[in-house]
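Colleague: I would like to learn how to read a structure. Could you take me through a sheet and a pair of rings?

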Amino acid sequence: MANFLIVEARFYNHLNDMLVAGATAALEAAGHSVEVLTVPGALEIPGAISMAADSGRYDGFVAIGVVIRGETYHFEIVAGESARGIMALTMDGIAIGNGIITVENEEQALARADANRKDKGGEAAKAAIALLELQGRFAG
């Protein structure tokens, strides 16, 4: 059993609830323990994961958030920089499943967040589990 931390950027409560539920269900179904940490936005997720990883308390992480395109360039910055930060941490050997969904509108977000539709929270958790298993495979 591994200990996973879900780091969520709680901005759209109803969508986050669905993504976190999907991730939690997938992790618990695989026999792992789960904690949830909330940060202000998607840009804060990589930093929070880095701090939590340094603590040594967690084996893997799931990043959860929703970024919906607006009228400004801010969407591209948030989507790109949060993904870049998560990828940099993954390249350093931290097992992270990226469940930050980036969409054009709320309907696309609902389709991806709903566990009965695309279940992107559950998929991100499964990716984190897979990376943790690879980490174990190459560690010994």
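Modeller: We start with the sheet, then turn to the helices and the aromatic rings. Keep in mind that this is a predicted model.

Colleague: In what order do the four strands lie, and how do they pair?

Modeller: The order is 2-1-3-4, in an open sheet with parallel pairing. From one strand to the next, the twist averages 15°.

Colleague: Which strands stand at the edges?

Modeller: Strand 2 (33-39) and strand 4 (96-103). Each has a single partner strand, so one side of each lacks a neighbour in the sheet.

Colleague: How many bridges join strand 1 and strand 3?

Modeller: Five, in the parallel sense, between residues 3-9 and residues 60-68. In strand 3, Gly60 stands opposite Phe4.

Colleague: Which strands does helix 2 lie across?

Modeller: Helix 2 (residues 45-55) lies across strand 1, strand 2, strand 3 and strand 4. It runs at about 170° to strand 3. Helix 5 (residues 120-139) also packs on the sheet, touching strand 1, strand 3 and strand 4. The direction of helix 5 makes about 150° with that of strand 4.

Colleague: Now the rings. What describes a pair of aromatic rings?

Modeller: Two values: the distance of the centres and the angle of the planes. The whole structure holds two aromatic pairs. In one of them, Phe11 and Tyr12 have ring centres 5.0 Å apart. Their planes are at 75°, and over 60 counts as edge-to-face, so this pair is edge-to-face.

Colleague: How exposed are Phe11 and Tyr12?

Modeller: Phe11 has 60% relative accessibility, so it counts as exposed. Tyr12 has 23%, so it counts as partly exposed.

Key. Residues numbered from 1 in each chain as written. Predicted model: local features only at pLDDT ≥ 70, side-chain atom pairs only at ≥ 80, totals over all residues. Heavy atoms only, no water. Phe/Tyr/Trp six-rings, centres within 6.5 Å; stacked < 30°, edge-to-face > 60°. Buried < 20%, exposed > 50% of the residue type's maximum accessible area, 1.4 Å probe, protein only. Pairing = 2+ DSSP bridges. Helix = DSSP H or I, 4+ residues; strand = E, 2+ residues; numbered from the N terminus. Axes fitted to C-alpha atoms, helices over the stretch in contact; angles between N-to-C directions. Contact = heavy atoms within 4.5 Å.
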